[in-house]
Amino acid sequence: MGALNDGEIMRGGIQPSMLHTGSRTCLDIRQIGLTFSSGQQSVTALEDISLQAAENEFAVIVGPSGCGKSSLLYLTAGLIEPTSGEIRVNDKRIDGPGADRGMVFQAYTLFPWLNVRDNVEYGLKRRRLPAAQRKEIVEYYLREVGLERFADAWPRQLSGGMMQRVAIARALANDPDILLMDEPFGALDSQTRLSMQQLLLNVWGHNSKTVLFVTHDIDEAILLADRIYVMSGRPGVISRTIEVHLPRPRTSEIVMEKHFLDIKREILGILHHDDT
Amino acid sequence: MAHASLWQRCLTPRATIPKTLTWSAGIGIWLVVIALWSLVTYSGLVRSIFLPTPTSVLSTAVSMIGDGSLWKDIWSSAQVVLYGFLLSSVVAIPLGILMGSFRLAQAFLDPLVNFMRYLPVTAFVPLFILWIGIGIEQRVTVIFFGIFFQQLVMIADISRGVSQDLINASYTLGAKRRDVVTHVLFPACLPGVIDMMRVTMGWAWTFVVVAELVAANSGLGYISLKAMRGFQVDVIFLSIGLIGLLGLVTDQFFRLLRKRLTSWAL
């Protein structure tokens, strides 16, 4: 998506699965450990986690609540520090948050005092891009998420799904190296959730981008992912890595396919095994 | 409840009533007050040296406006309130936001602020007179000390309440620490800060009267005190009424400000 910076807009039929085959590593999480301590007690949230995401790959972490999968995203964003290990994005060691790692949160995090347009523009302004370029980028991403008619609306006037669409546009507008998504559709009703998954796949199809997506919804994980990391909890470890070879573009129809069901069965097996 | 009669709606908890009825009721309460006041005064039930008649208060107002003395006293009080309030707000707003957001600022200021805010400012008045004299500076100081520490604590609370998610989102969009203060904390605190100003403005009006009762040579509190000595109870009533009216005006001003500046919040 570097094309955007040249004032050019890349759109249309490039399939990211074609792009990332054999491409280099974007995200490299190396032997991360995370321990919270308060007074005498200490809780190990993550233990020796290693995972990679190739450039333009859609990587999904799926696991039960409380397994530490969100912590992994916050660590990658640089919002919390690991107790051990290191995280590299494009071979640069993470040391605090930055615009190179965009994030969409589970909670609604639009700035309520900025209208939709200004929310999407927020990161561009912080990075002091020229006004004409900002305008072009904002308009492009508002179109991508289908909210160009709502550019002047306040966040409080939007539905939950619309707010998350703005949050996606806002994160992508910054052209980050990687997009981190922390159960972004977790608070939405199931109909909206389905259409948001489709929208995300479309946007990702137009704008090749490395994504690390966290969810506890197995269907969502398989629908979206090139690769799934199955996590189990307390302390959080990666139990298995599964490659998803379902063809793209995908629609929600694929939940009927055999490969989909095989993967679902496998993941359920791992998670069920943990419970007992 | 769409088809319920007006009576039914008035008797139903939280049911809305027509705007005209809201207005009429608001005017009605004053009609009741004035009617009762007229009843007990014109009938001679209460003697006029304790409670003046509405007409005598009005005629006092007309004559004091006529000779220009009333404007001088209104402005004198308003000036003190305005200076004290602005001075306090200008310092308390940024400092309070820092106090609510930076742990060191809080650790440093909390012990002093929590000590100071339980001291009644009236206890300081003799000290201020000794230090500053009885000029306008003294009264401004009383107001400043009366509301500053309260404002500080309220604003610190407001800024502590700003969602961490907004701050995190801002960082992931490339904001630096300074940006978080100016582009997240300040705008996020604005609605709360305006509400806080509306509340503390009322306190400022209380303290100006206290200050004027002790040491002043003009102002609404001062003319009340002087009127008491001359048994001019109509002037006392006029002064109280004016303070209430000025309070009402400033309150409406802050309501309007809140609507204008933070229409995004509602």
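**View 1. Residues 203–223 of chain B are 76% helix and 0% strand.** The end C-alpha atoms of this span are 20 Å apart. Helices are DSSP runs of H or I with at least four residues, strands are runs of E with at least two, and both are numbered from the N terminus. The model is predicted: local features need pLDDT of at least 70, side-chain atom pairs count only at pLDDT 80 or more, and totals for chains, interfaces and linings use all residues. Residues are numbered from 1 along each chain as its sequence is written, while chains are lettered from A and ligands numbered from 1 in the order written.

**View 2. Residues 80–103 of chain B are 96% helix and 0% strand.** Their end C-alpha atoms lie 34 Å apart. An unreviewed UniProt entry annotates "transmembrane region" over stretches of chain B including 80–103 and 203–223. Such annotations may be inferred rather than shown by experiment, and positions follow the numbering used here.

**View 3. Helix α3 (residues 54–66) of chain B crosses helix α11 (residues 233–261) of chain B at roughly 75 degrees.** Their axes, lines fitted to C-alpha atoms over the stretch in contact, come within 9 Å. The angle runs from 0 to 180 degrees between N-to-C directions. That makes α3(B) roughly perpendicular to α11(B) (65 to 115 degrees). B:S56, B:V57, B:T60 and B:A61 in α3(B) meet B:D234, B:V235, B:F237 and B:L238 in α11(B); contact requires C-beta atoms, placed from the backbone, within 7 Å.

**View 4. Chain A has eight helices and 10 strands.** Its C-alpha atoms fill a box of roughly 55 × 50 × 40 Å along the principal axes.

Definitions and conventions:
Parallel < 35°, antiparallel > 145°, perpendicular 65-115°, else oblique. Contact = placed C-beta atoms within 7 Å.
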